[in-house]
Amino acid sequence: MSISSRFAVGIHILTLIEVNQDGVTSSDFLAGSVNTNPALIRKIMAMLKKADLIEVKPGVAGAKLTKDLTEISLYDVYRAVSVVEENELFSIHDNPNPACPVGQHIQATIEPIFIHAQLAMESVLKHVTLADVVNDVATKSQAT
C-alpha cells in the first residue's frame, strides 16, 4: 500500500500551471501531461482550489496559482489533496488477540512510532516548496 497518487498528481498540476503560465492549463491539457482522465484532474483541482492554492473561474478554461511558488510547500499540497488524516498514515490492525502477550501490547507500542514517522515525513514536506520542484524540473528539462 502507498500514499494516494493524488499527492503526486497535485504537485504535477501545480508545477504545470506554473510552467505553462503563457498557455491555457485546461483539465484536458493537464490530463494529457499526467496521462490520466480529465475528471480526475478536475477532482484534484477542486481540492487545490478549496485549499486556496489555485484559482479557477467557472466556464473559463485554465487555472493560476494563488500564492508565490516559495509560499506553497509540498506539505500544503499533501494536506490539500487529503492524502491521509492526521496521525493516520500508518494503519494499525484492529482487534489483535488480547490473550496474546504481543497482541495485548502491540498497538500501544507501535502507534507512537508510526506517529513519529509521519510527523518526520511531514516536517520534510514543509521544507520543500513548489519553487524547489519547478526549479528542479526546469533544470532537468534543460539537460535533455
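Let's start with a word we'll need soon: a contact here means heavy atoms within 4.5 Å. Helices (H or I, at least four residues) and strands (E, at least two) are DSSP runs, numbered from the N terminus. What you're looking at is a predicted model, so local features need pLDDT of at least 70 and side-chain atom pairs count only at pLDDT 80 or more, while totals for chains, interfaces and linings use all residues. Residues are numbered from 1 along each chain as its sequence is written, and side-chain values use heavy atoms, with hydrogens and water left out.

Let's begin with helix 6. This helix covers residues 130-143, 14 residues in total, and reaches 20 Å from its first C-alpha to its last, close to the 20 Å expected at 1.5 Å a residue (the expected span is 1.5 Å times one less than the number of residues). Its buried residues are Leu130, Ala131, Val133 and Val134; buried means under 20% relative accessible area, exposed means over 50%, and partly exposed is in between, using a 1.4 Å probe and protein chains only. Those four sit on the same side of helix 6, because they cover an arc of only 160° around the axis, judged by the directions from the helix axis to the C-beta atoms. Over on the other side, Thr139 and Ala143 are exposed. And what covers the buried residues of helix 6? The cover includes helix 1 (6-19), strand 2 (60-65) and helix 4 (74-80).

That leads us to the core. A nonpolar core is a set of buried Ala, Val, Leu, Ile, Met, Phe, Trp, Tyr and Cys residues joined through side-chain atoms within 4.5 Å. The largest one has 35 residues, and those with the most contacts inside it are Phe7, Ile13, Leu14 and Leu48. Helix 1, helix 2 (27-34), helix 3 (38-50), strand 2, helix 4 and helix 6 each supply at least two residues of this core, and the largest share, 7 residues, comes from helix 1. Take Ile13: leaving aside residues up to four places away in sequence, Ile13 touches Leu30, Ile41, Ile44, Met45 and Leu48. In soluble globular proteins, nonpolar side chains tend to be buried together.

Now for the rings. A search of the whole structure turns up 3 aromatic pairs. Rings of Phe, Tyr and Trp (its six-membered ring) pair if their centres lie within 6.5 Å; planes under 30 degrees apart count as stacked, over 60 as edge-to-face and the rest as tilted. Tyr75 and Tyr78 make a tilted pair, 6.0 Å centre to centre with 35° between the planes. Both lie in helix 4, 3 residues apart, about one turn of the helix. Tyr75 counts as buried because its relative accessibility is 18%, and Tyr78 does too, at 1%. Another tilted pair is Phe90 with Phe114, 4.9 Å centre to centre and 35° between the planes. Phe90 lies in the loop between helix 4 and helix 5 (101-126) and Phe114 in helix 5, so this pair ties together parts that are 24 residues apart in sequence.
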